Amino acid sequence: MAQISEAEAKKGIDKVVAALRRDKAAKQELGNLTKVNNILGYGSPKAGQIAVRFNASFKKGGMGLSSVPLPFGLGQSNESEGRGTMVGQVKASLDEKSGKVVECSVFRDLGYGRAFNLKV
């Protein structure tokens, strides 16, 4: 088993995020990937392959803004409420040499229900 560095894993995660943001089916099913919440793990299970697992926030349509009154009669804020946001666990494998995403799946509810598989 080969070891990979944190920098290599971050590059791999960036490529997976870019692929999920680019894919129309992913946007329709999950929404727009807004941010990577936390990295759960990375490694190299097979020679020449990088595996990454992380949590990411996906946001579907809707503004999700609340009108919270500001103190001293200063009006209202347009604070984001987090409405319409789903956190999914992304599990992906990449080719170490080319950096191409080999497989990618997003588990909506920690793997107990529906999962989205990215077509590669």
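**Exercise 1. Find how many salt bridges this predicted model holds, and work out which of their residues are linked in a network.**

Solution. Begin with the count: the structure, which is a predicted model, holds three salt bridges.

Next, take the pairs one at a time. In one of them, the side chains of E6 and K10 meet with a distance of 3.7 Å from N to O; both residues belong to helix α1, where they lie four residues apart, about one turn of the helix. Another pair is formed by the side chains of E29 and R108, at 2.9 Å from N to O, and this pair links distant parts of the chain, since E29 is in helix α2 and R108 is in the loop between β6 and β7, 79 residues apart. E29 also forms a salt bridge with R114, where the closest N and O atoms are 2.5 Å apart. Because E29 lies in helix α2 and R114 in the loop between β6 and β7, this pair ties together parts that are 85 residues apart in sequence.

**Exercise 2. Decide whether E29, R108 and R114 are each partly exposed or exposed.**

Solution. The cut-off needed here is that exposed means over 50% relative accessible area, while buried means under 20% and partly exposed lies in between. E29, at 29% relative accessibility, is therefore partly exposed, and R108, with a relative accessible area of 24%, is also partly exposed. R114 has 52% relative accessibility, so R114 counts as exposed.

**Exercise 3. Describe how strand β2 is paired, and explain whether β2 is largely enclosed or open.**

Solution. Start with the partners of β2. Nine bridges join β1 to β2, and these two strands run antiparallel; N32 stands opposite K59 in β2. β1 and β2 form a hairpin with five residues between them, and G48 in the turn has a positive phi of about 85 degrees. Eleven bridges join β2 to β5, again in an antiparallel arrangement, with V52 standing opposite A92 in β5.

Then turn to burial: eight of the eleven residues of β2 are buried, so the strand is largely enclosed by the rest of the structure.

**Exercise 4. Identify which element gives the most to the largest nonpolar core.**

Solution. The largest nonpolar core has 23 residues, and those with the most contacts inside it include V52, F54 and F58. α1, β2, β5 and β6 each supply at least two of its residues, and α1 gives the most, with six residues.

Conventions: Residues are numbered from 1 along each chain as its sequence is written. This is a predicted model: local features need pLDDT of at least 70, side-chain atom pairs count only at pLDDT 80 or more; totals for chains, interfaces and linings use all residues. Side-chain values use heavy atoms; hydrogens and water are left out. A nonpolar core is a set of buried Ala, Val, Leu, Ile, Met, Phe, Trp, Tyr and Cys residues joined through side-chain atoms within 4.5 Å. Buried means under 20% relative accessible area, exposed over 50%, partly exposed in between (1.4 Å probe, protein chains only). Two strands pair if DSSP finds at least two bridges between them. A salt bridge is a side-chain nitrogen of Lys or Arg within 4 Å of a carboxyl oxygen of Asp or Glu.
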